[in-house]
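Hi,

Here is the structure I promised to pass on to you. Have a look at it first, and then read my notes below.

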Amino acid sequence: MKPVSATPVSFVRTLLLAYERYGVDSAGALVKAQIAPETLRRPDGTLTSKQLEVLAGEAMRELDDEALGWFSRKLPWGSYGMLLRASLSAPSLGVALRRWCRHHGLLTNDVVLNLSVAGEVATLTLVDQGVNPAMREFCLVTLLRNLHGVACWLIDSRIPLLAACFPFAAPAHAAVYPVLFPGPVQFDAPQACMRFDARYLAMPLRRDEKALNAMLPQALALVVRPYRRDRLLVQRVRMLLQSQAAAANADALAHALNVSPRTLHRQLQEEGASLQALKDEVRQAQAMDALRRSSRPIKQVALAVGFRNEKSFARAFRQWTGDSPAEYRRKAALGPSLDQTLDDGCAPRQ
C-alpha cells in the first residue's frame, strides 16, 4: 500500500528553523527523508508521516536537541527516553503520566504539563510559558501526539480522545488535525490539552525494560503508530448501552466511539466479546432491577429494555434466568435473602 501523503509541509518548514537556529546545513537530512526542494516551495504541499519521522530523527541527532529548537535550551539526545524509563516502573498509567509531567519540568520550564481528573474525564494539559512563537504550533502538536503515543504504548491499548484542544486559530491545514488527533478538535481554546476516559489511568503498564530497549531505536514511530486494540472497549460499549447515550445498534455505537461499525465488531471480537452478548448482559441487569424494584407492568419493562413486545422479552428472560418475568418478580418479593440467592444463581445459561 502506498503511504498516504497528508502531513503539511509547514511542519517541515518549522522543523528546518531549528537548523537555522543552530547554523547547521539541513541538506543531508532532507535527502535522507526524500523531501525534494520543490515540495518545500508549495504552500499547500504535503508529505508522508514517515518522511517527517525520518527528518525529525536526523535533526534530533545532528542538532543534539530532541526539542528541535522549541525551548530556551536544548534537550539533548536521549532526554525523552530518560523520561520514559523513569515512568516504566509505575504501577498504573495514571502514575506513569504524572511522573512524566513532573520530570518533564526538570528538563524545561518553557512548557508545563499537568494531568487532572474531573469525574470520568482525564485531561492532559500543556501550558506554553516560553515556546519559540515561530515553532509554537509544531511544538504543541508534537508534544501532545508524543504523549498520547507513549500512553498508548505503555498499556498496549488505543486510547480514544474525547477532545484535543489548541490555543491558536485553525491553520490552513486544519483538515489534518482529525487525522493526528482522532476525535473532536477545538481551536482558539484557552490552552492545549487532550481529554480521554479516566478509566484508562487505572490500567497497569504492559511494558518492561526489554520492550523499552527494543522500542527506543524507533521511538518516533509512537507519534504516528495507530493502535488497533482498545482494552477498555468492552467497558465503554457497556457504559453506552447502560446510559442509553446511543441507540442500541452498531452504527450509533460506532459513531459514539469514533470507529467504524466493522472496527467495532472486530475489536470486540479481539476482546472475546460481541455486541449482542453485551446487549443481552445490559438488558438482563436492567430488566432484573426493574422487576425487583418497581411494580411497572411487564410489557413496560420489556419496552424499556429494548424488546418490541412482551412475548420476546419473556422468552429471552427465561433463557437468562430459568424463570419467567412474573415468576422472578414473585420470588424476588419474598425477601432479601431469597432475592440474593436468586441473584447468585442468575448467570446466563450456556
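A nonpolar core is a set of buried Ala, Val, Leu, Ile, Met, Phe, Trp, Tyr and Cys residues joined through side-chain atoms within 4.5 Å, where buried means under 20% relative accessible area with a 1.4 Å probe, protein chains only. The model is predicted, so local features need pLDDT of at least 70 and side-chain atom pairs count only at 80 or more, while totals for chains, interfaces and linings use all residues. Numbering starts from 1 along each chain as its sequence is written, and side-chain values use heavy atoms, without hydrogens and water.

The largest nonpolar core holds 77 residues, and V12, W70, F71 and F181 have the most contacts inside it. Helix α7 (residues 136-155) gives the largest share, 13 residues. Helices here are DSSP runs of H or I with at least four residues, strands are E runs with at least two, and both are numbered from the N terminus.

Next, the sheet. Five strands form an open, mixed sheet in the order β3-β4-β7-β5-β6, with strands pairing if DSSP finds at least two bridges between them. β3 (111-118) and β6 (185-186) are at the edges with a single partner strand each, so one side of each has no neighbour in the sheet. β3 runs antiparallel to β4 (residues 121-128), joined by eight bridges, and N114 stands opposite T125 in β4.

Finally, what does F71 touch? Leaving out residues up to four places away in sequence, F71 touches R21, Y80, T108, D110, V111, V131, C139 and L143; contact means heavy atoms within 4.5 Å.

Enjoy exploring!

Methods
Buried means under 20% relative accessible area, exposed over 50%, partly exposed in between (1.4 Å probe, protein chains only).
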